[in-house]
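Take a look at the model before reading on.

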Amino acid sequence: MAASMLCCHQSSFVLKTNHNPFNKRLLSSSNILLGRSQISPRIQLSCSLQDPRPLQSPEKQQKNGLLSLKQCAISLALAVGLVTGVPALGWPGHANAGNSVYPDVSVLISGPPIKDPGALLRYALPIDNKAIREVQKPLEDITDSLKIAGVKALDSVERNVRQASRALKQGKTMIVSGLAKSKVDHGIELLSKLENGMDELQQIVEDRNREAVAPKQKELLNYVGGVEEDMVDGFPYEVPEEYQNMPLLKGRATVDMKVKVKDNPNLEECVFRIVLDGYNAPVTAGNFVDLVERHFYDGMDIQRADGFVVQTGDPEGPADGFIDPSTEKTRTIPLEIMANGEKTPFYGATLEELGLYKAQTRLPFNAFGTMAMAREEFENNSASSQVFWLLKESELTPSNANILDGRYAVFGYVTENEDYLADLKVGDTIESIQVVSGLDNLVNPSYKIAG
């Protein structure tokens with residue numbers, strides 16, 4: 001499905017980046033805490049007794065308190081173990097889950113990490129059709145081909161296009177057979193556009209028009225993604241009974257987040273397009289879409305922007321999350337993690353707690369602008385309304401070997417204008433977040449009951 005083009009309004013062609021590079025220091029897991037007690041990531045391996053989190057009321061500060069020595073010790077042991085590979089906290093070195101207490105980094109980074117949000121979303125779809133993947137891969141490889149300087153890149157691009165065209169011709173029957181019955185006509189239409197588009201891309205390469213390659217590649221990958229979505233027939237699994245009455249996103253939705261940027265002469269406002277993935281995080285994505293429809297985030301400030309993450313969602317007053325008017329209590333959702341090879345997400349526990357140290361998440365923290373729920377570090381099911389976008393890789397958060405993976409619930413990616421997230425700062429205002437597609441995939445919407 002082709003997305004409309006969005007742009008950020010600038011007063012000049014030169015964009016100045018205000019964020020500082022993430023300090024190259026060893027981080028404990030408490031430094032990556034993204035819930036109520038948000039410890040600055042710029043801390044060495046000594047526990048801080050301060051909570052520098054901005055825009056936190058005195059009531060919240062008193063409620064949150066200081067990190068306990070026990071929590072601090074756990075965080076330090078986890079960090080040291082992740083870096084050195086030495087078992088910590090008394091865990092035996094011969095533990096199950098691959099006979100390792102900590103991730104085997106060589107396994108986690110066995111291949112080049114996929115960092116493109118569109119590619120991550122395509123691979124996260126609940127489909128198993130080798131033929132369409134063999135078309136997708138060489139089209140995505142065009143990005144690497146274009147890293148070659150000058151028109152020499154076009155020779156590599158031409159090989160990519162020929163490989164994709166050959167895969168489409170050879171696998172078309174298998175691709176069509178994989179389409180959901182209710183979506184066959186639409187899928188075939190997209191395949192026809194894909195075939196024509198590849199012929200056009202081949203002509204672009206022959207004309208040596210390097211500048212036209214990337215836009216055409218994006219168009220073709222949109223067609224591929226559309227075909228792959230047409231292979232999904234309904235929602236692929238049952239959400240656990242205890243969560244079935246919550247707002248659930250059974251599919252995907254796209255939202256536009258419009259942010260008013262203050263005190264930046266080069267950037268006035270920006271619209272970020274975000275794709276939310278309910279296939280892999282139906283409870284988490286459903287909770288967010290429900291809050292969007294309540295206009296919960298409209299007019300809210302960016303509350304953290306430190307070069308590592310951008311965060312918002314903490315409402316005014318003593319509450320740390322969304323207060324459900326029907327219960328007058330904070331609505332919380334469970335930690336929800338979908339691992340590769342699993343048919344349903346895990347709920348209420350981190351992959352680490354489950355002993356799945358080598359498991360990789362279906363929605364990893366690989367892309368600039370990965371969107372996830374903030375929560376209290378030692379309370380897995382405490383997420384409510386605070387969300388964050390990851391910006392920077394660090395020593396402990398490299399793509400494909402990220403200690404945030406499996407510990408925080410990812411539910412979407414910024415797919416347009418994600419680079420501008422780095423220019424947001426505390427006090428910039430979210431003017432609005434609007435659902436532009438996929439609202440019909442939301443079930444049990446509480447905003448309608450409230451309305």
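In this predicted model, the side chains of N160 and S145 are joined by a polar contact of 2.5 Å. N160 lies in helix α6, which covers residues 153-177. Leaving out residues up to four places away in sequence, N160 touches P138, D141, I142 and S145. N160 and Q202 are 42 residues apart in sequence, and their C-alpha atoms are 9.9 Å apart in space.

Now turn to a pair of helices. Two packed helices are described by the angle between their axes and the distance between the axes. Helix α7 spans residues 184-206 and helix α8 spans residues 213-229. They pack at an angle of about 160 degrees, with axes 9 Å apart. That makes α7 roughly antiparallel to α8. Their crossing is left-handed.

Which residues meet between α7 and α8? From α7 come G187, L190, L191, K193, L194, G197, M198, E200, L201 and I204. From α8 come V213, K216, L220, Y223, V224, G226 and V227. The residues of this contact divide into 11 nonpolar, three polar and three charged.

K216 belongs to helix α8. Setting aside its neighbours within four places in sequence, K216 is in contact with G197, E200, L201 and I204.

Are N160 and K216 buried or exposed? The table gives the values.

| Residue | Relative accessible area | State |
|---|---|---|
| N160 | 9% | buried |
| K216 | 11% | buried |

Each counts as buried because its relative accessible area is under 20%.

Key: Residues numbered from 1 in each chain as written. Predicted model: local features only at pLDDT ≥ 70, side-chain atom pairs only at ≥ 80, totals over all residues. Heavy atoms only, no water. Axes fitted to C-alpha atoms, helices over the stretch in contact; angles between N-to-C directions. Helix = DSSP H or I, 4+ residues; strand = E, 2+ residues; numbered from the N terminus. Parallel < 35°, antiparallel > 145°, perpendicular 65-115°, else oblique. Left-handed = near helix turned anticlockwise from the far one by under 90°. Contact = heavy atoms within 4.5 Å. Nonpolar A, V, L, I, M, F, W, Y, C, P; charged D, E, K, R; others polar. Buried < 20%, exposed > 50% of the residue type's maximum accessible area, 1.4 Å probe, protein only. Polar contact = N/O pair within 3.5 Å; in protein donor to acceptor, adjacent residues only side chain to side chain.
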